[in-house]
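Morning, everyone. I have one structure to go through today, and I will keep it short. Here it is on the screen.

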Amino acid sequence: MIYLLSNKLSFPDPRNGEPEGIFAVGGDLRPERLLLAYCNGIFPWFSFAEGQIQWWCPMDRFVIFPSEIHISHSMRPLINSGRYNVTFNRAFDRVIRNCSEVGGRNEMEGAWLGDDIIEAYTRLHEMDYCTSVEVWDGPPENEQLVGGLYGVTIGRTFIGESMFSLIPSGSKLALIALAQFMERTGCTMIDCQFETPHLKSMGGRHIPYDEYMEILTKGAE
């Protein structure tokens with residue numbers, strides 16, 4: 001079943017949605033609705049060319065637990081080289097723009113990271129709910145942004161939204177740094193939203209929605 005949302009700030013039970021995860025359309029992207037969505041394991045995902053907002057909540061969740069992040073043998077020399085510097089929340093606007101545009105993503109069929117999404121998540125960033133991770137190459141006086149990711153933080157859970165690389169493994173460096181930081185600070189889960197070979201190779205695995213919500217809720221207390 002797919003519900004049509006009104007202006008009322010609420011969501012129906014996502015357990016009644018379609019098997020692939022979509023369960024509602026409509027509504028808006030104001031911060032209050034986005035935060036309510038993420039607190040219930042819900043996220044927007046739709047083509048900005050189509051206009052109507054879609055809300056997704058898969059019952060089979062693909063996540064990475066920070067302590068389970070897999071660092072391949074080929075990644076270790078890259079991390080240990082000291083060539084790349086990783087920062088947090090230093091260049092959110094550049095990260096989200098790169099996620100939108102790198103490789104011509106914004107011109108592809110089904111592109112979802114349009115101006116309305118960028119504006120909505122920038123507002124969440126200004127409210128300290130949206131975090132970016134940046135990977136820099138080069139000396140401080142001439143460093144270049146070469147990779148990164150951004151996502152929403154709810155309690156001790158990070159919900160990844162998008163990542164980009166301008167060098168091989170640039171987004172992997174960002175994800176590994178994020179997982180290591182989360183493990184050090186007692187954070188519990190990275191929500192990957194959907195499985196990809198890239199994320200599966202880094203330790204991603206599936207858990208049921210009810211288990212996901214238990215971890216999310218406990219981490220937000």
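I will take the overall fold and surface, then the charges, then the cysteines.

Please keep in mind that this is a predicted model.

On secondary structure, the protein has 7 helices and 11 strands. Its radius of gyration is 17 Å, close to the 17 Å that the globule rule gives for 221 residues, so the protein is as compact as a globular protein of that length. The C-alpha trace spans about 50 × 35 × 30 Å along its principal axes.

How much of the protein is buried? Of the 221 residues, 50% count as buried. As for contacts, take those between residues at least 6 apart in sequence: 67% of them join residues at least 24 apart.

Now the surface. The accessible area of the protein is about 10700 Å², and carbon and sulfur atoms account for 51% of that.

Next, the charges. There are 18 positive and 29 negative side chains in the protein. The centres of the two sets lie 5 Å apart.

Last, the cysteines. How many disulfides are there? With sulfur pairs required to be within 2.5 Å, the count is 0 disulfides. C187 is in no disulfide, and the nearest cysteine sulfur, that of C192, is 15 Å away. C192 is in no disulfide either; for C192 the nearest cysteine sulfur is that of C99, 14 Å away.

Are these two cysteines buried or exposed? C187 has 23% relative accessibility, so it counts as partly exposed. C192, with a relative accessible area of 12%, is buried; the cut-off for buried is under 20%.

That is what I have.

How values were computed: Residues are numbered from 1 along each chain as its sequence is written. This is a predicted model: local features need pLDDT of at least 70, side-chain atom pairs count only at pLDDT 80 or more; totals for chains, interfaces and linings use all residues. Side-chain values use heavy atoms; hydrogens and water are left out. Buried means under 20% relative accessible area, exposed over 50%, partly exposed in between (1.4 Å probe, protein chains only). Helices (H or I, at least four residues) and strands (E, at least two) are DSSP runs, numbered from the N terminus. The radius of gyration is taken over C-alpha atoms; the globule rule is 2.2 Å times the number of residues to the power 0.38. Contact means heavy atoms within 4.5 Å. Accessible areas come from the Shrake-Rupley method with a 1.4 Å probe; for residues, only the protein chains shown count as cover. Lys and Arg count as positive and Asp and Glu as negative; His and the chain ends are not counted. The place of a charge is taken as NZ of Lys, CZ of Arg, CG of Asp or CD of Glu.
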